[in-house]
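Hi there,

Here is the structure I promised to pass along. Have a look, and then read on for what turned up in it.

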Amino acid sequence: MNRRLVRQRRDYLYRKHAEGAERVLLEKKRRVLPKNLIDDEYANAGLGEPKILLTTSRNPSQPLTQFAKELKVVFPNAQRMNRGGQVISEIVESCRAHSITDLILVHEHRGQPDGLIVSHLPHGPTAYFGLLNVVTRHDIKDRKAIGKMSEAYPHLILDNFTTQAGERTANILKHLFPVPKPDSKRIITFANRDDYISFRHHVYEKRGGPKSIDLKEVGPRFELRLYKIKRGTVEQNEAADEYTLRPYMNTAKKQKTLGA
């Protein structure tokens, strides 16, 4: 099993290296790069629905456990697992054995969720996000102000992911969700503003006809801050970094990494 994974990983890295050299050559000639050369990891994503395993850091607090429970409903076909004493390499190996397509890890600091990792299997990529301003459904006291949690496949809104890193990030996020039915009344939004990605979750109803829409936020809500994308899976420390946030450079405040 390990030899087969090593061989597959070696073949995959060779293809990525060859594609990188070809991309440089094509850019010099000002030709359009075929999309499958960039996103080869998701070439077979449309053949089946995503299967997600969701877990936390060790010894999670009650707020982190509650947040993970709500994320399980946000992502269709997700399974939540208690971490226990398992190490990351064991979890990834188990995911590969059970045909899991994505692994999501949620971390915390002093009882507050502060990090989210999305690792696509079997070969990557892995995106690392910081979590800010987390508000769970459990934190909202006025139950009448929030809508009911739907388990229908949601429609996605991905706003302002216009750069190459932004398109890469949007591609990682959108493949966590299966294709919805046209009549689904559930909407999930990832809106990028100044490289902070706002997550919002809504349901709507047409009570008075097509021109009268009742929109209710379901929750949870939070902001994501992308700080790294690497080409391998989460346990592969030797994998090359595809993108790294550098906030202390002199031009960092002027640059918009993900979109305009």
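**A buried arginine and a buried histidine**

R9 is buried yet forms no salt bridge: E238, the nearest side chain of opposite charge, is 5.9 Å away. A salt bridge would need a side-chain nitrogen of Lys or Arg within 4 Å of a carboxyl oxygen of Asp or Glu. Please keep in mind that this is a predicted model.

As for its setting, R9 is part of helix 1, which covers residues 2-28. Leaving aside residues up to four places away in sequence, R9 touches H123, R231, G232, Q236 and A239.

The other residue to look at is H201, in strand 8 (residues 196-205). Is H201 buried or exposed? H201 counts as buried because its relative accessibility is 0%. A polar atom of the H201 side chain lies 3.0 Å from the backbone oxygen of G219. G219 is also one of the residues that H201 touches, once those up to four places away in sequence are set aside. That list runs through K216, E217, V218, G219 and P220, and it also has R186, I187 and I188, along with V74 and M149.

Now for the protein as a whole. The protein has five helices and 11 strands, and 42% of its 260 residues are buried. Among contacts with a separation of 6 or more, 66% join residues 24 or more positions apart. The protein exposes about 15100 Å², and carbon and sulfur atoms supply 51% of that area.

Definitions and conventions
Residues are numbered from 1 along each chain as its sequence is written. This is a predicted model: local features need pLDDT of at least 70, side-chain atom pairs count only at pLDDT 80 or more; totals for chains, interfaces and linings use all residues. Side-chain values use heavy atoms; hydrogens and water are left out. Helices (H or I, at least four residues) and strands (E, at least two) are DSSP runs, numbered from the N terminus. Buried means under 20% relative accessible area, exposed over 50%, partly exposed in between (1.4 Å probe, protein chains only). Lys and Arg count as positive and Asp and Glu as negative; His and the chain ends are not counted. Contact means heavy atoms within 4.5 Å. A polar contact is a pair of N or O atoms within 3.5 Å; within protein, one must be able to donate a hydrogen and the other to accept it, and residues adjacent in sequence count only if both atoms are side-chain atoms. Accessible areas come from the Shrake-Rupley method with a 1.4 Å probe; for residues, only the protein chains shown count as cover.
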